[in-house]
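This briefing covers a chain-to-chain interface and a helix pair. The structure comes first, then the points by topic.

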Protein chains: 2
Amino acid sequence: MDVVHSFSDLRRIRSSLSSPIGLVPTMGFLHEGHLSLVDLARDQNSSVITTIYVNPTQFGPHEDLEAYPRDIPRDLNLLEERGVDLVWIPNNEDMYPPGFQTWVTVDDVTKPLEGNMRPGHFRGVTTIVAKLFIALQPDKAYFGQKDAQQVVVLRRMVKDLNFPIEIVVAPIIREPDGLAMSSRNVYLNTSERQAATVLSKALKTAEEAFADGNHDADQLRGLVSRIITSESLADLQYVSCADMETLDELTGEISSGLLSLAVYFGKTRLIDNILLGV
Amino acid sequence: MDVVHSFSDLRRIRSSLSSPIGLVPTMGFLHEGHLSLVDLARDQNSSVITTIYVNPTQFGPHEDLEAYPRDIPRDLNLLEERGVDLVWIPNNEDMYPPGFQTWVTVDDVTKPLEGNMRPGHFRGVTTIVAKLFIALQPDKAYFGQKDAQQVVVLRRMVKDLNFPIEIVVAPIIREPDGLAMSSRNVYLNTSERQAATVLSKALKTAEEAFADGNHDADQLRGLVSRIITSESLADLQYVSCADMETLDELTGEISSGLLSLAVYFGKTRLIDNILLGV
């Protein structure tokens with residue numbers, strides 16, 4: 001497994017990899033969610049590239065950029081075990097050279113949900129992912145369903161900018177008690193960690209209600225909301241039932257939808273979601 | 001010479017071209033300025049691709065999108081004579097699919113000059129050029145110095161988004177009487193056409209003054225401005241003496257700079273420029 005930092009080293013080694021190439025972009029501090037993407041990429045490609053980069057432009061001024069957990073030696077061991085060919089850990093100076101002023105933005109689908117709560121977040125995501133796509137020219141790129149809106153946004157970007165790249169989405173990986181895996185779970189104290197299981201419980205209850213014939217978007221949002229707010233440590237930021245492609249909020253009877261939420265536990269913000277009717 | 005329209009045909013033929021590949025993006029209605037770019041690309045590459053696309057998103061709502069001159073059969077004859085390998089004439093539906101909402105924007109260097117006079121123009125330019133770069137993956141791309149700010153903007157975009165592409169700039173090609181070649185020159189009536197020579201005369205006078213030791217940016221702007229306004233058919237929009245990289249307007253003594261202007265003759269808007277001190 002090659003590990004490179006500089007852009008010049010990257011170009012040299014990238015050109016020696018055999019196609020098709022699968023890319024797994026990460027911010028590091030890897031968990032089984034990331035590794036499931038690596039495994040999928042390994043199955044579907046001749047070469048696998050993973051990037052580790054805590055991208056500053058997708059964090060807001062009051063978010064956890066500095067605190068974001070990092071453990072590169074552990075990440076590299078895990079990636080080597082899983083058979084990754086090339087790990088790129090970009091330098092900030094290569095990613096954001098002096099005078100940097102070029103942005104890739106996606107308009108409508110970045111406005112609600114996470115985009116509404118985290119202004120500028122998706123501009124940072126789409127810009128860095130476009131840069132990775134341009135630098136690495138993979139055939140497929142792997143993202144987790146955990147960041148559901150990110151998947152919608154990146155699919156739109158790929159279509160609109162004509163990237164010859166397939167976005168592959170892998171299911172959410174959960175802890176045994178249902179909590180969606182996230183690098184940010186380490187921020188939770190013991191009681192918050194226990195309380196955080198309410199997210200998946202609420203979504204699962206709504207999924208069962210949908211399966212039992214309750215297809216009313218407002219009622220499904222209400223159901224989730226009541227379960228979350230019954231947990232005293234949970235501070236609900238939003239619950240949404242939205243069109244899976246446009247992310248427009250749905251009302252009344254639905255045949256499918258993205259049910260998603262964001263909840264604070266203390267200062268830790270968690271997100272989770274399920275797809276209904278697919 | 002292959003001529004393709006659809007994206008699927010493009011991908012198939014593009015993959016058969018030998019590298020290095022030179023790209024000459026155009027809006028068609030080709031003149032010797034465009035053809036000088038083609039000749040340069042032909043000299044420097046194994047394969048040459050030319051695109052012909054009147055990109056709607058770089059025209060303002062009151063600009064000349066509908067009237068913009070077009071003559072595809074003539075363009076194709078000229079390109080074949082010059083040894084182009086592949087001409088791509090994209091479909092609007094491939095370039096701007098339904099629901100299109102992704103933009104590439106460059107911030108600071110798009111604000112003054114043309115960007116100030118033509119809001120949204122450079123967003124259209126950078127988005128379509130990024131799309132062409134992503135679709136065609138050329139090694140070099142050729143642009144004319146005539147659109148001086150466009151060159152600055154695209155160089156910034158290439159650097160910021162890490163495109164592995166060299167921007168090659170070719171000098172302005174002029175008519176025998178000095179008028180810079182432009183597809184829009186056909187809009188001029190006989191008296192406007194004659195009056196339009198004042199642009200190159202004014203710039204040449206300033207160039208001579210600079211060579212004679214007048215390095216004061218304000219005086220050079222004033223000199224150009226006086227010559228332009230002495231022509232009754234000319235309606236001066238701006239004259240600028242700016243830093244060649246940041247496009248910040250210069251004052252006082254300068255060692256180098258981009259002297260540029262935009263002038264209306266009737267409804268026809270012409271631009272021209274010279275580089276000082278290079």
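Two strands pair if DSSP finds at least two bridges between them. Helices (H or I, at least four residues) and strands (E, at least two) are DSSP runs, numbered from the N terminus. The model is predicted: local features need pLDDT of at least 70, side-chain atom pairs count only at pLDDT 80 or more, and totals for chains, interfaces and linings use all residues. Residues are numbered from 1 along each chain as its sequence is written, and chains are lettered from A and ligands numbered from 1 in the order in which they are written.

**Strand pairing across the chains**
- β5(A) and strand β5 (residues 102-106) of chain B run antiparallel and are joined by five bridges.
- In β5(B), B:Thr102 is the residue opposite A:Val106.

**Interface of chains A and B**
- Contact (C-beta atoms, placed from the backbone, within 7 Å) links 21 residues of chain A with 21 residues of chain B.
- On the side of chain A that touches chain B, at least two residues each come from β5 (102-106), α6 (121-136) and α7 (148-161).

**Helix pair in chain B**
- Helix α9 (residues 197-211) and helix α10 (residues 217-229) of chain B pack at about 150°, their axes 9 Å apart.
- Axes are lines fitted to C-alpha atoms, for helices over the stretch in contact, and angles run from 0 to 180 degrees between N-to-C directions.
- α9(B) and α10(B) are therefore roughly antiparallel (over 145 degrees).
- Residues making this contact include B:Leu203 and B:Phe210 of α9(B) and B:Leu223 and B:Ile227 of α10(B).

Methods: Contact = placed C-beta atoms within 7 Å. Parallel < 35°, antiparallel > 145°, perpendicular 65-115°, else oblique.
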